Structure formats: C-alpha cells, structure tokens
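Thank you all for making time this morning.

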2 protein chains.
Amino acid sequence: MSIQLERTYEPLTELNVIEVIRELNYFLLEQENELVVNEIGDGNLNLVFHIEHPATKRALIVKQALPYAKVVGESWPLTLDRARIESEALLTEAESVPHLVPKVFKTDRTLAVTVMEDLSDHTILRKALIEGSTYPKLAEDIGTFSASTAFYSSDFHLHPFEKKEQVAKFTNPELCKITEDLVFTDPFFDHDTNDFPEELIDSVEKLWNDEELLRNAAQLKYSFLTRAEVLLHGDLHTGSIFITENSTKVIDPEFAFYGPAGFDLGHFFANLALNHLSQNAHAKEPFNRESLQNYLLETISNTWDTFENTFSDLWHEKAAGPFSKTNGVLKDFLQQTFQDSIGFAGCEIIRRTIGLAHVADLDSIENKEVQLYYKKKALELGSKLIKKRSSFTTITQLTDTIRGA
Amino acid sequence: MSIQLERTYEPLTELNVIEVIRELNYFLLEQENELVVNEIGDGNLNLVFHIEHPATKRALIVKQALPYAKVVGESWPLTLDRARIESEALLTEAESVPHLVPKVFKTDRTLAVTVMEDLSDHTILRKALIEGSTYPKLAEDIGTFSASTAFYSSDFHLHPFEKKEQVAKFTNPELCKITEDLVFTDPFFDHDTNDFPEELIDSVEKLWNDEELLRNAAQLKYSFLTRAEVLLHGDLHTGSIFITENSTKVIDPEFAFYGPAGFDLGHFFANLALNHLSQNAHAKEPFNRESLQNYLLETISNTWDTFENTFSDLWHEKAAGPFSKTNGVLKDFLQQTFQDSIGFAGCEIIRRTIGLAHVADLDSIENKEVQLYYKKKALELGSKLIKKRSSFTTITQLTDTIRGA
C-alpha cells in the first residue's frame, strides 16, 4: 500500500526549484550539484527562477505565479489560473509561430509553474528602444505573430465546436477585469487608480469632459467585453517582447483571452507611438532622432502590412466555408481590425500616460517640463485615435498622425 | 449495505413517466391511478408527455430530449445537453419575466428531462396567425421578454465574472451549428439541404449570384459566431410562442446561447413579415386582410418600441459602471441592435423560404402560382433587409418596407 500525498500549491525557493525540473533530464544528473539558481523576477506577480549550468551555459527558466499581485505597494489576491492561461497560450501560439515564443518544457497546474526556454541573451524591447536600438525584423515578426495566432484561432479556420472550446479554455475573467478597469474605464473618469502629475489636470479634465471621447471609449470597451473573435496575447506592449538582432520572442501571455482581432496590434502600435513621442526628449542629436523616429513609424507601418499580407495569404490558402470565396469578406474583416486597432491604441496611450501603469518611455524623460509637454501630446494623440478611428483607411494616415502629434 | 444503481439515460414511456414526477407531489398519491398520460410530441426531437388528472383538470408536461433529430426522414445524433440548456434558459428568463415563460418544476440532467407547467389552454402563435387571430398583448409581451432577458444577461447589468460564467453555461455548439448552417450559410449557396420548387430557381440563383448580399450575410454570420452580448432564446419564431388572449409564453429555448442582441427580435419580425405576406392569400376578404396586415405591422412596430422603452428604463435604473451615464452609449447599443435585427430578419425570411425548414404561413397557400409569387416576394424582401439594414433608422421604415414587399 502506498500513500498518495496530496500536492498543494506553495511558492518555490531557490533550494527546491530543481525538483520541478529534474524529470525533464534537461541537465545531466551529475550536473545537478553544479547548477546555479537565481530568482530574477520583480516579485510583483511571479517568481522567476533562472537555473544555469555555468560550464555548459545550458539554462532554463521556471516561472511560478504568486497568488497575489503587488502594484504600488498594495497587494491583492490574483488567480493562479493565469499560469495555466499563460502556458496554454504559449503552446497554442507555438503551433503556428514556434520561432516567436519561448519553448515550454513543462507545466504544472498545482504549482502554477511553467518551465521554459531561457532567453537571457535577449533584451526587453522597451528598454532597447528607449536606448535608441533598432531591430529590422521586429515588424515582420510581430505582424506574423499577430496574423498567424489570429487566423488559426478564428472562426475562419477552426470548426465552430473547436472554436467554442478554445473560447472556454481562454476565459480569463480576473485578468480581463484588470484591463477593463485600468485600460478602458478608470483613465476616462476621476478614479483613484489614476496617477498623473498635478500639472496635467487641465488636459486630463478635458478628456473627462469630452462626451464624444467617452462614448467612443465605451464602444471600444464593449467590443473588448463581447467580441470573441481570436486568441489574443492580451498585453502586447514593448515590455512583453524579448529581442535580439536575429530573434523576437513574445512572452508573458497571462492576459490571453478571445477578443477583437485589432486589440494586440493596437497595444503594440500605442507603445511604439509613445516611444516615438519620447524620442523627442531621449534622442541625443537631431539626425539620430529623425532616424529613430522613422524606424518606429516604419515598424508600425510594416507590422500592419505584414499582418494584412500574412492574414490574407492564410485566408486564401486555408479559410473554411463558402463565404471565404465571397468578395469583400476578407476586406471587411481587415478594415474592422485596422480601425479597432487604432481605437485600442488610443486607449492604451491614454492609460499609459495617466492611468495606474505608466511606461518608462515617457516617465524617464528627466526634464519635468519636457515630460509634461509630451504627456499632453500623448493625451491629445490618444483622444484623436479613439474618436477618429473610423476615418482611418490606410496605415500611412496612422503614421502621419503619430508623426504630427 | 445498499447498492447504488447507476442511472443512465433512457427514453421514458407513457408507463414509467409518472415515476419522474412523483417526488413533486403535484398530484396526490391517491390520484396516481387516475392520471391520463399522452405523448403529444411530434417525435422529431423530443418526447412530450402530457399528464393530467381529469377530475381536477390539473396537468403537467414532461419533456425529454431524444438523442437524435429527425428532419425530413433523416436522423442524426444530437446532444442531450440541449435539455440542460433549455431548462437553464427557462430558469434564467423566469428571474426577470416569470409571467412570459412556462414554469419549471424539475429538471433531470441524466434523463434530459424538464418537468413544466402545462399550457394546453394556449395556442401556437403561428397557427393562430395563419387563421387570422390577433392578440393585443403580443407586442408588449415579446418586447418585454426580449428587453428584460437581454438587459439582465448583459455586461450592462452583470459583473464581468458572472457574465463570463453565464456565457460558458450557455455555450451551445451543436445547436448553434444548426443555425450557422441552415440560417446563415446553406440558403446562400447551392447546398443540398435547400428545399424549394423548381420554378423558384431564377429567383434563387439571383440571390446566389448577388455578391453584395453574400458579403452582408457573411457579416451577419460573423456577428452570430463572435458577438457574445446577451442571452438569446435562439429560435424565437412564431412556433416558439404559446398564446391566449391574456397570456403569452415563450417556449422551447433549446437553441439558447449568448449572441448579438438583435437576433431574437429579427427572427420574430421575420416570422410576422412572412405571415404578413401570406395573408395576401389567406385572408378571406380585403377588409379582413387589411386589418390583419395592419395588426401584424403594428405588432412589429410596438414590439420594437416596447423593447426600446423597456431596455432604456432598465438601463437608466440599473445599468452599472460610469459609462452608463455617458450620452450616446445607450443610443449606440439600441441602433446597432435595431439594424442587426433587420439583417437577421432578412436571413430568417430567406431561409424559411428556400432552406431546409419552411413556415406553414407560405407553404400552406393552396394555389401554387400564388404561393410561388409570394415566395419570390419573400426572397426580395429578405435580400433587401440584409443589404440595406444600415440605412434603417426608424421602425416605420421597416414596416413600410414589409408593407411594400
């Protein structure tokens, strides 16, 4: 007779984390004593253990969700189910774009653990962009990532039974609620989660009193709540992208859910637009600034073009059902997705400027006057994108609007 | 020691159905031998037992799903889960409009059984309308039913966690697939489920070759597949409504699911429009015809007005979240719902004319020439509603279009 111990969740430590990876035989048993373990997470949401065998340079990441979130000193309970969502999303994405996501070696639901590829040789894109780096493959990789994950998870490809199963699997109420509040609601009202310097109050009150803006933001929020079109990353900002000259990896899809197809693209565009604005302050000399800003706008433009081309190719090759041969159906989807992405970009720009979670691109501008100036510009840009999204028909209109902001 | 027998599904019979209701104590134990049991279903999808105590006139209905569907001689497997969906929908509807649905006394998931109120004193609305009956409360009741079930199941009322739970509960892949195919796809293509007389082929081919129509039908199908807005009945035609002078009961919600808020209204409008067309042949004399047709158009008009007013009242009284105070948000929802309902009505009109499942309103027109004439008119009307739905802004435009068909 054997006694089956009930396994329960407990946070791992640098001392016992190796037990989780032993069965993978990723490291030789005789190397185990030589492994170096470091917890490298920021401690707000997850534990992240980096486990390396220094002599061979082989390494693994063990990511474990914590049962709470810490933001600006406060702590609130947060579902461990997000670890399941994250690893399911990584595995689903890997079916169509394995080269654009970290490889998952193991998941453990009880421990809320995902064991995955080490990407220490990559840099967080946001940091790299602030420092003025450029990556020629970024646009193609993110356009491909968005188009492929969208197409393969959509009703254009999946049998409706399978689509509905996927929607159920990626139902993510707690993390979606964070987006509902922090992206789509709080920044548009005088809410205590908002965070902005006093000097911005006139600009912020202008937003709060703009009925047309609020009405359009409500439409976008309603789309986020109701339109289960494709599997989304759910938080595709430049801090969710790991990059090198030759490799792009989209990480941390714990916000993954089924939503409107323009959502991820909008967040990516917004974060590039915020960096574009901030380069007016960051870039060391005019020539360098112009070149960086052109790169950012070209990245937006090429990302959309890649999305459109990749999605269209997949459609023509693989879309199911007789309507896939009907003129205009693909075009309608692409136009809706494009205009949605512009509106979602506007919401992201506003919330990253006055909401709870800021971006370093703007906040790290050292001169406070200059920082305020570009934050005001960001609010105007976000508001315009939300209200005018339906008048945008080409990507050049978007990049021109960002350039003119 | 007691042996627990595993209960399994098996079709009930007139001999054993009483065992299912015994625990309800609806009938006295000493009445049991006096009960009269009749199976009154049509045998295509469900068994329906009417159990009556003749002396007291007390009666109950036991409805049991069969594990298959029979349509025009063919039989295919169909999930028993639809019995769960049906009773869950009836119970959810009863929370806001208990007077408009049959009362549920018991459900049994293993047996796929719902025990409910007997409505033998009611008439099926379709039959009554074909015979020229009118019901003054119909519009108010259906408008109230649609508005209340929509509002209380929507993101405007429910906490997002609860909304997402409800969406999961009413995920109904198999029955939705029937609608996807038979309403939104097959009638628009040369598919073998279609059913129409040879003489209609020119009109039908005109539809099949109308790229604008197909493109718009694809948009409506995509809305049906992706927009999880409110809990819908899913099959709200005039055969799903039981009626008397003083009572309206919406029955048979086995197609219930979360979808676009205009869907049920569209189906109801479509079936009244089909009856309106058919009264040109059915009504015995011109005066009677005019009066009947006016009643049908007024019912459409008053149903929409009741929907709009009831939903607006609930919104102003109970809508949650700060955007509920923003001008235009309610208006946007109502306009989208209105225009969607017109498009969905168009799809229902077309599929009821040339698809697999017809309506008696048109098919019972005895003169074949006359029947063909009105079927052609129905196809033209359906096509117009689908293509022009976005140009409709008042309910009078819809009733005028139906009158002119």
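By buried area I mean the accessible area, taken with a 1.4 Å probe, that two parts lose on being put together, summed over both. Please keep in mind throughout that what you see is a predicted model.

With that in hand, the area buried between chain B and chain A comes to about 3,300 Å², and carbon and sulfur atoms give 68% of it. On the side of chain B, three residues, B:Arg215, B:Tyr222 and B:Phe323, supply 21% of the area that this chain buries against chain A, which is more than any other three residues. As for the residues taking part, the contact draws 39 residues from chain B and 39 residues from chain A.

Turning to the polar side, there are 14 residue pairs in polar contact between the two chains, counting pairs with both residues at pLDDT 80 or more. Which elements of chain B supply at least two residues each to the side that touches chain A? They are helix H5 (160-169), helix H6 (173-182), helix H8 (211-226) and helix H11 (329-354), and the largest share, ten residues, comes from H8(B). By class, that side of chain B has 18 nonpolar, eight polar and 13 charged residues.

Four salt bridges are found across the interface; in the one between B:Glu180 and A:Lys164, the closest N and O atoms lie 3.2 Å apart.

Finally, the largest nonpolar core has 178 residues, and those with the most contacts inside it are A:Phe188, A:Phe311, B:Phe188 and B:Phe311.

Key: Residues numbered from 1 in each chain as written. Chains lettered and ligands numbered in written order. Predicted model: local features only at pLDDT ≥ 70, side-chain atom pairs only at ≥ 80, totals over all residues. Heavy atoms only, no water. Contact = heavy atoms within 4.5 Å. Salt bridge = Lys/Arg side-chain N within 4 Å of Asp/Glu carboxyl O. Polar contact = N/O pair within 3.5 Å; in protein donor to acceptor, adjacent residues only side chain to side chain. Helix = DSSP H or I, 4+ residues; strand = E, 2+ residues; numbered from the N terminus. Nonpolar A, V, L, I, M, F, W, Y, C, P; charged D, E, K, R; others polar. Core = buried A, V, L, I, M, F, W, Y, C linked by side-chain atoms within 4.5 Å. Buried < 20%, exposed > 50% of the residue type's maximum accessible area, 1.4 Å probe, protein only.
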